[in-house]
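Here is my note on this model, point by point. Keep the structure open as you read.

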Amino acid sequence: MTAQIRAAHFHAADGVEDWRSLYHLVSAYFPTESLAEGIALVDEIGRLTDETQQQYLSVDLRGTGVTVSLARRDIALARRISAAAKELDIRADPTAVQLVNITLDALASADVLPFWRALLGYRQIGDDHLFDPLRRGPGFGLQHMAEARPHRNRMHLDIAVPHDQAEARIAAALAAGGRLVSDAHAPMWWVLADAEGNEACVATWVGRD
């Protein structure tokens with residue numbers, strides 16, 4: 001299998017306008033008017049993909065739409081899926097994708113991660129990240145901290161959004177009573193907080209690779 005291409009390479013290609021990079025994934029959302037319409041699209045996706053591609057393909061079918069995610073930035077497959085949707089007169093909504101991770105600050109990841117792996121029934125990637133093998137729940141990661149911070153919430157959400165939607169999402173959060181904690185790492189991520197100081201990060205692929 002070839003190496004993962006860069007997100008910037010993926011987005012520079014023609015024919016992938018429906019898709020957005022979210023951390024390691026590329027995702028597209030296709031709103032549908034019925035479950036039958038969504039099933040027709042999923043059936044086409046099944047016809048278009050071979051066994052190898054199905055290993056990194058995830059499809060979420062609902063009565064109102066189909067979310068398709070690729071764990072590899074496969075330009076050719078993304079193009080084929082978009083073309084199949086257009087043949088069925090289904091138009092993508094690129095603003096409607098996101099990826100949510102829960103992140104916990106930890107002093108010693110090796111001591112903490114086995115507990116969360118067992119509790120969640122998740123599988124492990126690397127030294128500090130867990131994922132739902134059934135792809136139903138959010139990712140779970142550990143972030144190293146050098147010393148205990150007893151007066152600060154040690155768990156926060158990371159919300160990966162389309163790179164062209166980040167500023168709008170941040171503006172909406174600020175208008176809803178939030179505050180900007182830091183934009184030092186923007187546009188990779190911004191740190192926001194609610195009125196009580198609980199933090200969350202809005203993240204994009206820009207600057208990551």
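This is a predicted model: local features need pLDDT of at least 70, side-chain atom pairs count only at pLDDT 80 or more; totals for chains, interfaces and linings use all residues.

1. Start with a pair of leucines. Leu104 stands opposite Leu142, which belongs to β8.

2. Strand β7 (residues 129-131) pairs with β8 in the antiparallel sense, over two bridges. Find Leu130 here: its bridge partner in β8 is Phe140. Phe140 also has a part in an aromatic cluster, where ring pairs link it with Phe115 and Trp116.

3. Step back to the whole sheet. How many strands form it, and in what order? Eight strands make up this open sheet, ordered β6-β7-β8-β5-β9-β12-β11-β10. The pairing is mixed. The edges are β6 (123-125) and β10. Each has a single partner strand, so one side of each is left without a neighbour in the sheet. From one strand to the next, the twist averages 30 degrees.

4. A helix packs on this sheet. It is α6 (residues 166-175), and it touches β9 (155-160), β10, β11 and β12 (199-203). The direction of α6 makes about 10 degrees with that of β11.

5. Strand β10 (residues 179-182) pairs with strand β11 (residues 189-193). The sense is antiparallel, and there are three bridges. A hairpin of six residues joins β10 to β11. Within this pair, Ser182 stands opposite Val191 in β11.

6. There is also an open sheet of four strands. Its order is β1-β2-β4-β3, and the pairing is antiparallel. β1 and β3 are the edge strands, each pairing on one side only. Here the twist averages 25 degrees from one strand to the next. Helix α2 lies across β2, β3 and β4 and runs at about 165 degrees to β3.

7. Three bridges join β1 to β2, and the two run antiparallel. The bridge partner of Ser21 in β2 is Val26. Is Ser21 buried or exposed? Its relative accessibility is 0%, so Ser21 counts as buried.

8. What surrounds Ser21? Leaving aside neighbours within four places in sequence, Ser21 is in contact with Ala7, Phe10, His11, Val26, Arg73, Val161 and Trp205. One of these, His11, also makes a polar contact: the side chains of Ser21 and His11 meet at 3.0 Å. Ser21 and Leu70 are 49 residues apart in sequence, yet 9.5 Å apart in space, C-alpha to C-alpha.

9. Turn to the aromatic rings. The structure holds three aromatic pairs. In one of them, the ring centres of Trp19 and Phe30 are 6.5 Å apart and the planes lie at 75 degrees, so the pair is edge-to-face. Trp19 is in the loop between α1 and β1, while Phe30 is in strand β2, eleven residues apart. With a relative accessibility of 0%, Trp19 counts as buried. Phe30 is buried too, with a relative accessible area of 0%.

10. Finish with helix α4 (residues 75-87), and check its length. At 1.5 Å a residue, its 13 residues should span 18 Å. The end C-alpha atoms are 18 Å apart, which agrees. After α4 comes Asp89, with a positive phi near 60 degrees.

11. Which residues of α4 are buried? They are Ile75, Leu77, Ala78, Ile81, Ser82, Ala84 and Ala85. An α-helix has 3.6 residues a turn, so residues three or four places apart point the same way. Keep that rule in mind when you look at the list. The cover over the buried residues of α4 includes α1 (7-12), β2 (25-31), α2 (35-48), α3 (51-54), β3 (57-62) and β4 (65-70).

Key: Residues are numbered from 1 along each chain as its sequence is written. Side-chain values use heavy atoms; hydrogens and water are left out. Buried means under 20% relative accessible area, exposed over 50%, partly exposed in between (1.4 Å probe, protein chains only). Contact means heavy atoms within 4.5 Å. A polar contact is a pair of N or O atoms within 3.5 Å; within protein, one must be able to donate a hydrogen and the other to accept it, and residues adjacent in sequence count only if both atoms are side-chain atoms. The expected span of a helix is 1.5 Å times one less than its number of residues. Two strands pair if DSSP finds at least two bridges between them. Rings of Phe, Tyr and Trp (its six-membered ring) pair if their centres lie within 6.5 Å; planes under 30 degrees apart count as stacked, over 60 as edge-to-face and the rest as tilted. Axes are lines fitted to C-alpha atoms, for helices over the stretch in contact, and angles run from 0 to 180 degrees between N-to-C directions.
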